[in-house]
Amino acid sequence: MGTTYFFSLIGAFLSDSYLGRYLTCIIFQLVFIIGLVALSLSTHLFLLKPHRCEQIGELCESDTQNQFPLFYLSIYLIALGSGVSDPALPTLGADQFDEEEPKEQRSKASIYGYFYVALNLGSLVAETILAYIETTGHWVLGFWICTCCAGVSFLVLLSGTLRYRHYKTFGNPFSKFSQLIVPFLKKMKFQIQSIGEDLYHDGIQGDDTRVRRIHHANGLRFFDRAGIVSDEATEMLLGKGQKSYKWNFNSLTQSEAVTYILRVLPIWICTIFSSSVFIQLLSLFVEQGSTMDRTFFKFQIPPSSMTAFDIISTSTFIILLDVLIIPLYIKVMKRPPKLPSELQSIGIGLCITIITLIVAGFVEQRRLSFASNDGKEMSSLSIFWLIPQYMLLGIAEAFVYVAQMNFFTSQTPDGLESLGMGLSMFSSALGCYVGNFFLTVVNKITSSGQGQHGWVSPNLNDGHLDRFFFLTAFLIAIDLIVYIVCAKRYKGI
């Protein structure tokens with residue numbers, strides 16, 4: 001997962017700078033399909049499957065080492081194809097709406113919410129139907145179903161080729177950044193006058209007319225030196241040495257475009273730990289469920305299928321808000337509601353995350369009180385006790401992830417929306433590694449040399465997962481305080 005999200009930043013760079021969003025989606029969706037086909041074929045034809053895996057209740061035998069390279073090649077092709085195309089796909093969808101048209105502008109504002117709903121609906125099928133198929137040992141069938149679904153989705157993407165709106169690529173963002181730094185360093189001794197005075201404004205030849213003008217902000221004003229028009233720069237503007245004028249001064253819009261990216265970094269850093277918690281919780285909730293009573297009538301519920309409650313609550317909340325709650329409010333109050341901003345929505349989501357962790361901690365304490373005393377990792381408490389924490393987590397994700405996508409894409413300059421989406425996904429990549437590191441450190445500190453297990457023990461009945469949840473809630477509360485400070489100081493586009 002971390003590698004997949006890491007590739008999203010590369011995908012954002014390629015789609016904004018060179019390939020464009022459409023080509024990035026097409027090329028790397030093909031890579032994604034090739035990875036799935038390789039995984040399915042290797043399992044089906046070359047017997048990349050341990051023996052006895054289709055017998056319920058039996059442990060799979062270890063596979064031979066020489067089959068691992070093919071397996072890892074397959075899954076990292078899947079990570080490459082999925083990760084690179086992920087930030088380009090929603091921004092390609094957003095490109096289909098014209099912000100100048102009021103009706104299309106409203107649709108564009110909703111697209112990231114519905115994109116997240118679509119991801120969740122796909123996950124719902126994976127966590128229920130596919131999870132059941134694979135729990136019964138039919139891995140080959142599960143892989144081929146995934147491959148067929150990817151093929152169908154690729155054909156659907158191709159079907160709209162002649163109707164898509166396409167936009168020119170922005171160019172290399174690193175060169176844009178360098179074009180700010182070089183003149184800034186050259187003019188370190190220059191004094192900055194009042195805002196906008198003696199600075200190179202938009203509208204002079206050479207400016208990119210595709211980029212919207214950005215208002216001058218007070219933060220990071222020291223970068224204004226890059227826009228000071230010196231005598232040498234004036235000669236360049238009059239026609240001498242036009243090839244190098246961009247490396248001698250920048251317009252206010254160009255400077256502001258780069259500094260806006262720097263301004264979102266504190267917000268972005270605050271989202272890394274929250275992302276690690278969301279990813280970590282899903283796996284820990286499954287661990288909890290695997291030790292509980294999973295009987296529903298005569299049916300044994302796969303622990304991973306409980307994720308369906310997280311997915312359903314996320315999707316239901318997003319759809320009801322857009323389709324029912326807001327239209328009903330407008331009809332009754334005769335005016336549109338004042339919805340929370342993206343930054344406020346992220347803060348609300350973090351508050352709900354803290355509540356989720358506290359609830360999960362109390363449920364874990366109750367699970368431990370029903371745990372067996374014979375050394376087995378089992379508890380007689382029903383798995384349905386996990387439903388509240390799954391549903392709360394889903395609502396928190398709806399607030400945080402959708403707001404994150406909207407915020408980072410809206411606060412990046414025109415032509416770099418995929419970079420904004422890539423930043424949002426890259427925080428999840430780092431979150432995977434941060435969460436893994438945090439869990440390892442906590443286990444190391446809370447275990448002892450006398451054989452005492454850490455809080456998150458291989459046998460949950462020997463550990464204290466409840467304390468881990470409470471500790472994480474405390475750290476999220478600290479993260480929320482830092483986030484509020486950063487959000488209050490942030491001055492956006």
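Biologist: Is Glu364 buried or exposed?

Modeller: Glu364 is buried, at a relative accessible area of 0%; buried means under 20%, exposed over 50% and partly exposed in between, with a 1.4 Å probe and protein chains only. Note that the model is predicted: local features need pLDDT of at least 70, side-chain atom pairs count only at pLDDT 80 or more, and totals for chains, interfaces and linings use all residues. Residues are numbered from 1 along each chain as its sequence is written, and side-chain values use heavy atoms, with hydrogens and water left out.

Biologist: What does the Glu364 side chain meet?

Modeller: Glu364 forms a salt bridge with Arg367, 2.9 Å from N to O. A salt bridge here is a side-chain nitrogen of Lys or Arg within 4 Å of a carboxyl oxygen of Asp or Glu. Both residues lie in helix H11 (residues 342–369), three residues apart, about one turn of the helix. Helices are DSSP runs of H or I with at least four residues, numbered from the N terminus. Arg367 is buried too, with a relative accessible area of 0%.

Biologist: How many salt bridges does the structure hold?

Modeller: Two. Asp95 and Arg21 also meet in one, at 2.6 Å, N to O. That pair links distant parts of the chain, 74 residues apart: Asp95 is in helix H4 (residues 88–95) and Arg21 in helix H2 (residues 21–44). Asp95 and Arg21 are both buried.

Biologist: Switching to H10, which residues are buried there?

Modeller: Among them are Thr307, Asp310, Ile318 and Ile326.

Biologist: And what comes just after H10?

Modeller: Lys334, with a positive phi of about 65°.

Methods: Helix = DSSP H or I, 4+ residues; strand = E, 2+ residues; numbered from the N terminus.
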